Amino acid sequence: MGKKTKNKITAWGDHLDKKYGTHGTTTRSEFELKAQSFILGELLKDEREKANLTQAEMAEKTGTKKSYISRIENGRADIQLSTLYRLVEQGLNRKLELTIH
């Protein structure tokens, strides 16, 4: 029987460095952009569902298409800031505030 190795916990940043490269590399930047798109899509989907709206209803309220709402929620579409404001403020009747850290 071989040696048992101790379970070693890898820090999240180290995992990302190994898999996608360090901060500033093209691969890491692409990963981070996709991750942010996914997070934004999940937030919008969650808020839409809390408002009891379908994707079609959200699209109608905001002058977009259902397929576009779906792509945003699935992290597969770039979204302009003006569209984000429209989705949140017109579609969800909420206020959007941005903070830069």
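**Exercise 1. Classify K50 by its accessibility, then describe its salt bridge with E47.**

*Step 1.* K50 has a relative accessibility of 56%, so K50 counts as exposed. The classes are defined as follows: buried means under 20% relative accessible area, exposed means over 50%, and partly exposed lies in between (1.4 Å probe, protein chains only). The structure is a predicted model, in which local features need pLDDT of at least 70 and side-chain atom pairs count only at pLDDT 80 or more, while totals for chains, interfaces and linings use all residues. Residues are numbered from 1 along each chain as its sequence is written, and side-chain values use heavy atoms, with hydrogens and water left out.

*Step 2.* The side chains of K50 and E47 meet in a salt bridge, at 3.5 Å from N to O. A salt bridge is a side-chain nitrogen of Lys or Arg within 4 Å of a carboxyl oxygen of Asp or Glu. Side chains of opposite charge can pair when their charged atoms come close.

*Step 3.* Both residues belong to helix 2 and are three residues apart, about one turn of the helix. Helices (H or I, at least four residues) and strands (E, at least two) are DSSP runs, numbered from the N terminus. An α-helix has 3.6 residues a turn, so residues three or four places apart point the same way.

**Exercise 2. State which residue of the segment after helix 5 pairs with E47, and which network contains this pair.**

*Step 1.* E47 has a relative accessible area of 22%, and is therefore partly exposed.

*Step 2.* The side chain of E47 also meets that of R94 in a salt bridge, at 2.3 Å from N to O. This pair links distant parts of the chain: E47 lies in helix 2 and R94 in the segment after helix 5, 47 residues apart.

*Step 3.* R94, at 45% relative accessibility, counts as partly exposed.

*Step 4.* A further salt bridge joins E73 and R48, whose closest N and O atoms are 2.5 Å apart. Here E73 is in helix 4 and R48 in helix 2, 25 residues apart. Both E73 and R48 are buried.

**Exercise 3. Check the span of helix 2 and identify its buried residues.**

*Step 1.* The expected span of a helix is 1.5 Å times one less than its number of residues. Helix 2 covers residues 26-50, which is 25 residues, so it should span 36 Å; its end C-alpha atoms are 36 Å apart, which agrees.

*Step 2.* R28, S37, G41, L44 and R48 are the buried residues of helix 2. They pack against helix 1 (12-20), helix 3 (55-62), helix 4 (66-73) and helix 5 (81-91).

*Step 3.* F38 also has its place in helix 2. Its relative accessible area is 46%, so F38 is partly exposed.

*Step 4.* After helix 2 comes N52, with a positive phi near 55 degrees.

**Exercise 4. Determine where the buried residues of helix 5 lie around its axis.**

*Step 1.* The buried residues of helix 5 are T83, L84, L87, V88 and G91. Seen down the helix axis, these buried residues fall within an arc of 125 degrees, so they line one face of helix 5. The arc is that of the directions from the helix axis to the C-beta atoms.

*Step 2.* The cover over the buried residues of helix 5 includes helix 2, helix 3 and helix 4.

*Step 3.* N93 follows helix 5, and its phi is positive, near 55 degrees.

Technical notes: Contact = heavy atoms within 4.5 Å.
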